[in-house]
Amino acid sequence: MTNAPDAKPVLQVRHLTTSFRTDDGIVTAVDDVSFDVFAGETLGVVGESGCGKTVTSKSIMRLLPEHLTIYGEQSEVIFEGKNIIRANEREMRKIRGDKIAMIFQEPMTSLNPVFTVGWQLDEALKYHTNLSRKQRREKAIEMLRLVEIPNPERRIHEYPHQLSGGMRQRVMIAMALCCEPDILIADEPTTALDVTIQAQILDLMNGLKEKLHTAIMLITHDLGVVAQVCDRVMVMYAGRAIEFGSVREIFHEPQHPYTNALLESIPKRGSRRSRSRRLPTIPGIVPSLRNLPKGCRFNDRCPACQQRCIDEEPELINHSLDRPVRCHFPLNQKTQTESAH
Amino acid sequence: MIVKLIKSRGMRRFSRNRLAMFSLAVIIVYFLTAIAVMLGAVSRDDTKERVGPNRLPGFLEPIGAEKRYDFDKWWVSELTNVFERAARENARAGGDPRAVLDEFALAERTIADGSYEDLKPAFDAMTEAWHELDDVFAEQLDLDDEAFAIRDEIKELQAEGEDVADLQAELEEVEALLAELAPRAEALYQQVEANIEKLLPMPSGFAGLVYSLRTMLGTDSKGASIAAQAVYSIKIAFQVGFVTALVAVLIGTISGAAAAYFGGWVDHAVLWVVSTLSSIPYLVLLAVFVYAFQAPALAEWFNNPERPALALVPLYAAFGLTFWIGTCRVVRGEVLKIKELEYVQAATALGFGRFYILLRHIIPNTAHLMFINFSLLFIGAIKSEVILTFLGLGVKGQPSWGIMISHGADGVTNFFFWEVGAATVFMFVLVLAFNIVSDALQDAFDPKHV
C-alpha cells in the first residue's frame, strides 16, 4: 500500500470478526475487518464511540473475556507467520508485552496503586527478560529517561498517586516499550490528558517510533491526533472498516461520505463557512449492533443515500489505486484517474 | 513505608485521641501478657494448683464471720492432716517427719523451716485454741437457745398479763454472758490465725509477691487461683483469635478474589457455598463443626494430653470454616470492581498469567479489607470462643474465660462473684479496647473525615 515506509507487514489482520454472547443473543462488534500494520509506521484507527475500534485492538491482544467472545471462522491475525487468534493462552502470554504491547486510555487507573513505578517496570522486565536485578534497575531508569521523565532515579521509588496524569501515561509507555515490542497498540492514549500534555505524549510516541522502529496502531476518535502522528488511517463505522488511505488522502480526498462528514464537522479556523454557518453535524446516531440497517450501514445518515444503498451492502472495493472504500458511490472519484497516471 | 505511616496525618490524629492511645496501651499489655504466658510465665499447672481454701474472695472483699470460721477450719484441718501424718512418721523408727511436712505446699506457701519438734508446739497451741473456740461456740449456741427460750416465755407471760421482771433479769444475765463470749472468740481466732501464720508463713520477697498476686482475685471452687486462670485465658483467647482470624481472612480473601476474578463455575461454586453456609445461624454452624470433631476417633486424636498443642485445633477449624464467609463476600465485591480497572488489563497486556495477576496485582489491592476483617474476626472469634466454651463445646482441659464463667455460675447464687467477674472483666476490657482502637483508626484514616 502507498506511503508504507516498509513493504513488509508485521501484523496481518484478515477477516477479523468478533462477536459476543449476550443475553439478547450474539452481537457482532467487529465484522470482517482486514488490514496490515507495517514495521515503523503509525496506523490510525478512527471512528465514533462503539464502532469497534477497541474491540479490534483487544481481539488482536486477545484481551476479551474468552468465554463470551466468538471469533469468526475465517478470522486470522497473523503475527510472525502464526495465526494468533487461535493461539492458546500460554503462547499469547509470550507475545503480549514482549512482542505486542498495549497502552490504555485512562492513565489514572492503568498503574497498580499499591506498587511503586519501579516495581511495576521491574516486574515487566523480570517476566520477559533474563536480566539481573541490577541490569533491570538500570533498564527501568533508562526507559523512564527515554520517555522524558525528569529525575528517574528518584521517580522509580514513587507510587502512581504521586505522579501526574501525563507522567503516568509516560510510565505506561515506558512499561509497554521496555521489552522493545514490534507493535505498540495505543488505545486512545491521550483522551484523558489535557491538550498540552497530549501534544507532548504524541511527540514522544512519534520520537520513540523512529528510535525503536516500533509499529504503532493508534486508536482514537480525535482526527487532530491522527493528522499529527499517523502515516495511514483506517476509518471504522458500526463494526466495519469503511475506508483506508494515507493521512493526506483521507484528509484531502475522503471517499466515503462518512469520512467526509467527519471531516466536515471539525471546526476550521478562518474558513468562511465556519463564520457564516452552523458547524455541520452528522444526523442520527450510530446504529445499534443488534439492529443494523439492511444494505449499507451508513444509509440512514448518509446525505447521498440512494436505493442501491438500502438494498445491497457495498463491498470494500478499490475504486482508486490502493484506496479501498466500502461505498457504492464514493466521493472524490476524480482522484482515480489522477492517481492512475 | 512504616516511617511514612507513622508520620502520616492519620497517625497524628490517631495519637491525639487519648482514649484510643490508652486502649492501644491496654491491648499491648494484653498482647505482652499473652506472649509471656506462651513463654511459660503462667503454666497450665499453675492454674490448677491449690493456693488456698475454696472460694476465697479477692482483695477487695472483707471476710465475714461465717467465712472466717470456714476458712480457719480449712487451714486447721489441712494442717492437722499433715501433722498427724508427720506424727506417725515420727513415731516410726527412722522416720523423717520433716519430709512429710515438706510435701505439703500451697503454691509458694510452704510449712515453716525447723524440725518437726520445733513446730509441734505451735501446732498444739493452734489445735488447742481451735478446740477451745469450738467450746466457745458450743457455749454460745447453748446461751443463744436459752435466751431464745426466755424470750418466748416472756412473750407468753406478757400476753397473759403476768409479771415478767424475774425473767427479764435472767435474760439480761444470759445476754451479758453472750457478750462476754464475743471478745473471747475473737482472741481465740487471733491465736489460731497467729499459729497458722507461724506454721505456714506468708512467703517473703518475690515468692510472696507472686503468692499475693495469685490470691489477689480469690480462688475457685477447687481452691485454684482465679487470677492465674484469667491470665492464662488471655493466651487462649489470643491464640484462638489470631489463628482463626488469619485462617478465615486467608480463606475468605482467596476464595472471594478467585470467585470474582475467574467468574464462571468458580464463582457459582463459591457463591453456592457462601450462601448455603450463611443461611445457617453461625452459632449453630459452629456447634455442628465442633461436634463433628468430637467423634470418638477424632476426639481421641485431638484431646490427647501428650499433644496439648492440638487441643485447640477443632476450635480453629470450626471458626476458620465459619468466619471466612463475610470476608469472602466483601472481597468478592471489591475484586469485581478491581478486575475491571485498567491496570489489570494492562497487566494482562504485559503478558502476565491469570494466577500471577490475581496474586500479585489484585489481592494486594484488597489489603485494607483484609486488615479490617482481621480485626473484626479477631474479636468475634474471642467472643465466640467464650460463648461456645460456656456451652461446653469449646476449649477443654485448659482454662478459658468461658470455662471460668460456666464453673463460676453456681457460685454467683452464693454471692461469690469473683470467678465470673474476673473472666467477664478481662474479656470486656479487651473487647472494648479493641473496638475503641479500631473505631479511632477508622476515624483517623478515613479520608472523607475532616
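In which handedness of crossing, left-handed or right-handed, does helix 3 of chain A pass helix 4 of chain A? The close-ups below come from a predicted model.

**View 1. Helix 3 of chain A crosses helix 4 of chain A.** The crossing is right-handed. Two packed helices are described by the angle between their axes and the distance between the axes. Here the axes come within 9 Å and cross at roughly 115°.

**View 2. Residues in the contact of helix 3 with helix 4 of chain A.** Helix 3 of chain A contributes Gly118(A), Leu121(A), Asp122(A), Leu125(A) and Lys126(A). Helix 4 of chain A supplies Arg136(A), Lys139(A), Ala140(A) and Met143(A). By class, the contact has 4 nonpolar, 1 polar and 4 charged residues.

**View 3. Helix 3 of chain A along its length.** The helix runs over residues 117-128, 12 residues in total. From first C-alpha to last it reaches 17 Å. That is close to the 16 Å expected at 1.5 Å a residue.

**View 4. Burial of helix 3 of chain A.** The helix is mostly covered, with 9 of its 12 residues buried. Val117(A), Gly118(A), Gln120(A), Leu121(A), Asp122(A), Glu123(A), Ala124(A), Leu125(A) and His128(A) are the buried ones. Their cover includes helix 4 (133-146), helix 5 (152-155) and helix 6 (165-177) of chain A.

**View 5. The two domains of chain B.** Domain 1 of chain B takes in 2-38 + 224-445. Domain 2 of chain B spans 65-214. Their C-alpha centres lie 52 Å apart.

How values were computed: Residues are numbered from 1 along each chain as its sequence is written. Chains are lettered from A and ligands numbered from 1 in the order in which they are written. This is a predicted model: local features need pLDDT of at least 70, side-chain atom pairs count only at pLDDT 80 or more; totals for chains, interfaces and linings use all residues. Helices (H or I, at least four residues) and strands (E, at least two) are DSSP runs, numbered from the N terminus. The expected span of a helix is 1.5 Å times one less than its number of residues. A residue is buried if 20 or more other C-beta atoms lie within 10 Å of its own, exposed if 12 or fewer, and partly exposed in between; C-beta atoms are placed from the backbone. Two residues are in contact if their C-beta atoms, placed from the backbone, lie within 7 Å. Domain bounds come from an automatic or database domain assignment. Axes are lines fitted to C-alpha atoms, for helices over the stretch in contact, and angles run from 0 to 180 degrees between N-to-C directions. A crossing is left-handed if the near helix is turned anticlockwise from the far one by less than a right angle, and right-handed if clockwise. Ala, Val, Leu, Ile, Met, Phe, Trp, Tyr, Cys and Pro count as nonpolar, Asp, Glu, Lys and Arg as charged, and the others, Gly among them, as polar.
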